[in-house]
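Subject: Handing over the model, with notes

Dear colleague,

Here is the structure I promised to pass on to you.

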Number of protein chains: 4
Amino acid sequence: MNEAGPRPFVWPVRVYFHDTDAGGIVFHGNYLHFMEAARTEFLQSLGYNVAELQRAEDGVLFVVYALEMRYHKPARLHDSLQITVAVRHAGRARLIFEQLIKRGEETLVSAQVSIATVHPRTLKPIPVPERLRAQVQPQ
Amino acid sequence: MNEAGPRPFVWPVRVYFHDTDAGGIVFHGNYLHFMEAARTEFLQSLGYNVAELQRAEDGVLFVVYALEMRYHKPARLHDSLQITVAVRHAGRARLIFEQLIKRGEETLVSAQVSIATVHPRTLKPIPVPERLRAQVQPQ
Amino acid sequence: MNEAGPRPFVWPVRVYFHDTDAGGIVFHGNYLHFMEAARTEFLQSLGYNVAELQRAEDGVLFVVYALEMRYHKPARLHDSLQITVAVRHAGRARLIFEQLIKRGEETLVSAQVSIATVHPRTLKPIPVPERLRAQVQPQ
Amino acid sequence: MNEAGPRPFVWPVRVYFHDTDAGGIVFHGNYLHFMEAARTEFLQSLGYNVAELQRAEDGVLFVVYALEMRYHKPARLHDSLQITVAVRHAGRARLIFEQLIKRGEETLVSAQVSIATVHPRTLKPIPVPERLRAQVQPQ
């Protein structure tokens with residue numbers, strides 16, 4: 001995360017029963033729901049509606065092609081979490097996100113989520129929309 | 001369940017961590033995954049592939065329009081469960097299923113799942129395919 | 001829903017990709033996540049933290065024992081939904097909730113969720129906490 | 001994956017509606033369910049019941065602390081998949097698994113899942129059970 005750069009987008013979530021498992025903590029796969037929600041709201045904040053983009057004739061679907069996660073501490077039932085979103089790289093047909101899952105000052109999970117832009121019907125790679133690419137370009 | 005009738009279809013499942021919640025038991029919504037799996041395998045056993053049916057030009061999508069569930073006892077991590085499927089009613093544009101979730105002789109959950117047959121693109125009601133309707137007609 | 005009574009509690013949610021399925025609509029089981037979130041926030045608004053209640057020596061766990069759902073219209077990706085919570089009956093050891101899932105003026109799903117209060121370790125029925133029962137008593 | 005080594009454990013799964021999303025493919029987080037199921041069945045095949053291990057006084061909980069995933073091709077509704085499990089490293093208090101998600105000869109997803117062994121109540125690191133460590137030691 002670029003410490004000196006602009007503040008990342010932050011999306012708050014609460015941990016509910018369906019996010020947890022019998023270990024008493026959030027199931028490791030369910031953090032991906034929190035991160036998906038935060039990326040969707042980040043795109044929405046820039047004016048992009050993922051459903052409209054998917055339906056449009058000249059649309060785009062954002063597909064995860066690589067994922068790196070580090071789980072530092074577990075989140076628990078009813079925790080209030082902050083999910084950050086920052087773009088580390090905006091390429092021709094991919095966006096690489098850095099995301100943190102924080103509980104106050106503690107970082108519980110850190111992740112790098114690599115997204116390809118594909119055609120919604122063919123799933124073939126297509127360019128990142130030019131305006132979006134300019135908007136999310138890291139300084 | 002028709003006690004005197006033919007044996008219902010049975011599909012076995014194991015309870016994994018992602019099926020459970022911090023209460024130490026299966027999350028009440030996740031039994032719907034077990035029941036969906038069992039209905040899909042029941043249809044497959046009769047020769048119907050739900051993905052092909054959805055893609056086909058003259059296809060059909062099975063959509064739940066009503067649900068009644070009774071949770072008698074909780075299922076727990078690593079339990080081996082048997083999910084039953086029986087058709088109680090096969091109408092013109094709907095199928096009503098009775099399903100049980102059993103752990104050996106114990107019935108943990110009983111459910112009635114009401115399914116409408118709709119067009120995959122328009123989601124408008126369409127008839128249950130004639131051959132399927134004949135196959136699942138309760139005696 | 002008591003039309004003349006007090007306004008129900010309302011919790012807003014957005015539909016994300018993980019809530020939907022290949023039918024292009026919200027998976028029928030995932031509405032239970034939205035309703036669980038709304039009930040949790042309703043209890044929180046009255047001063048009850050479900051995680052503390054579960055951990056406490058004299059704690060309580062809220063377990064769904066019956067469910068009735070009617071799916072009127074499907075919710076879709078990126079929809080903004082309002083989830084209502086109203087208590088229809090507050091008994092000695094159970095609470096019966098009426099919940100609606102609305103998209104603006106449209107009611108997409110209506111549900112009755114019956115909850116038993118049980119001991120977090122033994123899962124045996126215990127009374128609804130007296131203060132909570134008084135707070136949620138329908139007029 | 002050790003090409004020359006012993007055959008990995010393989011667990012078959014079918015893709016159901018609740019595994020997919022509105023993109024028409026399996027949601028990227030849901031492959032973790034398939035991999036969790038396969039690791040659980042792998043451990044079971046060696047004589048370890050994850051629920052008993054978690055409940056036992058001298059028990060152990062297997063917690064994911066790092067994850068690397070590469071999504072090569074999407075899985076779709078009703079696909080029959082094979083999930084492989086191989087242990088790449090068996091350390092003092094961690095196990096590193098290599099897992100593939102295959103559809104026949106095609107590899108759809110490849111993953112490295114790093115697991116810590118922790119105490120079920122305190123979540124503090126504890127040693128991998130000695131017998132298990134010996135059983136899964138890569139040759």
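This is a predicted model: local features need pLDDT of at least 70, side-chain atom pairs count only at pLDDT 80 or more; totals for chains, interfaces and linings use all residues.

Residues are numbered from 1 along each chain as its sequence is written, chains are lettered from A and ligands numbered from 1 in the order in which they are written, and side-chain values use heavy atoms, with hydrogens and water left out.

Strand S5 of chain C

Helices (H or I, at least four residues) and strands (E, at least two) are DSSP runs, numbered from the N terminus. Strand S5 of chain C covers residues 106-118, and because ten of its 13 residues are buried, it is largely enclosed by the rest of the structure; buried here stands for under 20% relative accessible area, with a 1.4 Å probe and protein chains only. S5(C) pairs with two strands, S2(C) and S4(C), where pairing requires that DSSP finds at least two bridges. With strand S2 (residues 61-71) the sense is antiparallel over ten bridges, and C:Tyr71 stands opposite C:Val109. Strand S4 (residues 94-103) also runs antiparallel to S5(C), joined to it by ten bridges, and there C:Phe97 faces C:Val113. Two residues lie between the strands in the hairpin of S4(C) and S5(C), where C:Gly104 takes a positive phi near 60°.

Chain C against chain B

A contact (heavy atoms within 4.5 Å) involves 23 residues of chain C and 23 residues of chain B. The size of an interface is often given as the accessible area lost when the parts come together. Buried area, which is the accessible area (1.4 Å probe) that two parts lose on being put together, summed over both, comes to about 2,000 Å² for chain C and chain B, with 63% of it on carbon and sulfur atoms. In chain C, the residues that lose the most area to chain B are C:His28, C:Leu67 and C:Tyr71, together 24% of what that side buries. Between these two chains there are zero salt bridges, a salt bridge being a side-chain nitrogen of Lys or Arg within 4 Å of a carboxyl oxygen of Asp or Glu. On the side of chain C that touches chain B, helix H1 (31-45) and S2 each supply at least two residues, and S2(C) gives the most, with nine residues.

Chain D against chain A

Here the contact takes 24 residues from chain D and 23 residues from chain A, and the two chains bury about 2,000 Å² between them. D:His28, D:Leu67 and D:Tyr71 supply 24% of the area that chain D buries against chain A, more than any other three residues. The count of salt bridges between chain D and chain A is zero.

With best wishes

Terms used
Buried means under 20% relative accessible area, exposed over 50%, partly exposed in between (1.4 Å probe, protein chains only).
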